Amino acid sequence: MNPRILVLTLSTFAFGSTAFIFAGVLETMAGDLGVTTAVAGQLQTSYVLISALLGPVMAWMLGRADRKLLLVAALGVGALANLACAVAPNFHVLLVLRSVVGLAAAIAGPAASVAAAALVPPERRGSAVAMVMGGMTMAFVIGIPLGSFVGAHFGWRSTFVLAAVLTGIAFVGVAALMPSVRPSPPAPGSRIAFSPLLPLYAATFLSFAANMTVNLFIAPVVRVGAGVTGAEVGLFQMVIGLGSIAGLYLGGRAGDRGEGKEWLMVCFLGQLVAMSLHLAATHHLTPPGLPSQLLVALAILTASTSLFSLMPVLSSRIIQTSQGAPLAMAVNGSVNSMGQALGSTVGGFALATLGVPGIPLSAIFISVTGLALTALFIPRRASPVPVGPP
């Protein structure tokens with residue numbers, strides 16, 4: 001394993017874990033800070049919203065900078081901001097600090113992908129970038145459940161200490177092992193027509209919105225649906241990671257086969273089924289104990305598998321439609337974050353107005369919207385759009 005690619009994966013893993021590190025103890029944290037659980041969930045909204053809005057701007061402003069320098073700076077800021085989160089005196093200060101971490105993540109993500117592509121031969125670029133992106137998957141398998149375990153035993157502030165440690169490890173690895181990487185000059189023909197890409201961006205937006213509506217509020221959903229609290233919530237979060245691994249495998253094979261509209265519709269149907277299972281669990285339609293726990297686990301597994309099966313196919317369609325224009329994928333990353341922000345906002349509103357069952361109910365409506373949009377507006381096959389002069 002290339003150690004330089006490994007440290008880049010660690011950076012993605014660190015920020016991926018940081019994004020949801022406190023989800024398992026969200027209710028405890030909200031009570032300690034004197035806010036409702038729905039309001040506390042907006043700590044995630046601020047994180048992803050800053051990443052979405054400022055990510056493309058920062059990429060444009062820092063496009064010619066050394067990737068190693070950007071990563072070291074982002075990881076350093078992220079580690080210090082997470083430590084500050086651990087001692088934040090109130091919710092408002094914590095909200096600002098989470099925005100700072102979100103900005104650091106917005107810089108680190110694209111920098112890691114560009115560096116990975118530059119550090120390997122052309123024939124290995126795809127696998128290198130996929131490995132770096134796999135850090136997010138490992139965050140769901142290891143980092144986020146570990147945050148729930150640590151938070152349940154040592155308090156919610158310890159989750160931010162853990163986030164600082166993970167980010168610090170990546171900081172040391174990048175500083176010690178990664179060489180200087182300066183991006184190549186921009187290729188001619190960087191302007192693209194975005195109108196054919198809009199339905200694909202909408203599918204990304206709605207798929208992440210539906211999924212994150214539940215994922216951020218996993219603690220109350222698991223408490224009501226499965227009767228599980230505390231460190232055991234981390235076991236259910238691990239199911240998200242297992243589903244993401246299965247989904248990436250299935251979606252990758254589907255992308256290689258050139259699957260398109262039909263596969264995307266199957267994925268949205270999978271999300272719809274998953275959210276319906278969550279709704280059934282929160283209404284106690286199965287006996288308490290093991291049956292309800294298995295139902296919630298199945299819902300989580302189905303939702304994460306569907307989401308991560310959709311991602312490779314959508315990415316392939318966007319690359320094919322835009323003829324590989326980097327800006328097209330950068331916008332897709334921003335849309336991804338905006339979907340997460342919508343999900344956390346909708347989930348918080350549903351929790352505050354309808355209670356816990358309102359969370360999967362709102363995700364059902366988002367999934368239905370995504371399914372309908374895909375059926376109506378996404379073509380069966382991609383048609384490359386000619387690029388024009390910059």
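A search of the whole structure finds 0 disulfides, a disulfide being a pair of cysteine sulfur atoms within 2.5 Å. The model is predicted, with local features needing pLDDT of at least 70 and side-chain atom pairs counted only at pLDDT 80 or more, while totals for chains, interfaces and linings use all residues. Residues are numbered from 1 along each chain as its sequence is written, and side-chain values use heavy atoms, leaving out hydrogens and water.

| Residue | Class | Relative accessible area |
|---|---|---|
| Cys85 | buried | 0% |
| Cys267 | buried | 4% |

Rings of Phe, Tyr and Trp (its six-membered ring) pair if their centres lie within 6.5 Å; planes under 30 degrees apart count as stacked, over 60 as edge-to-face and the rest as tilted. The count is 2 aromatic pairs. Trp156 and Phe160 form an edge-to-face pair because their ring planes stand at 90°, with the centres 6.2 Å apart. Both Trp156 and Phe160 are buried. Phe22 joins Trp156 and Phe160 in a cluster linked by ring pairs.

A pocket is an open set of points on a 1 Å grid over the protein atoms alone, where a 1.4 Å probe fits, with protein on both sides within 12 Å along at least five of seven lines; lining residues have an atom within 4 Å of a point. The second largest pocket has 14 lining residues, with Gly24, Val25, Thr28, Thr229 and Gly230 nearest its centre.

Technical notes
Buried means under 20% relative accessible area, exposed over 50%, partly exposed in between (1.4 Å probe, protein chains only).
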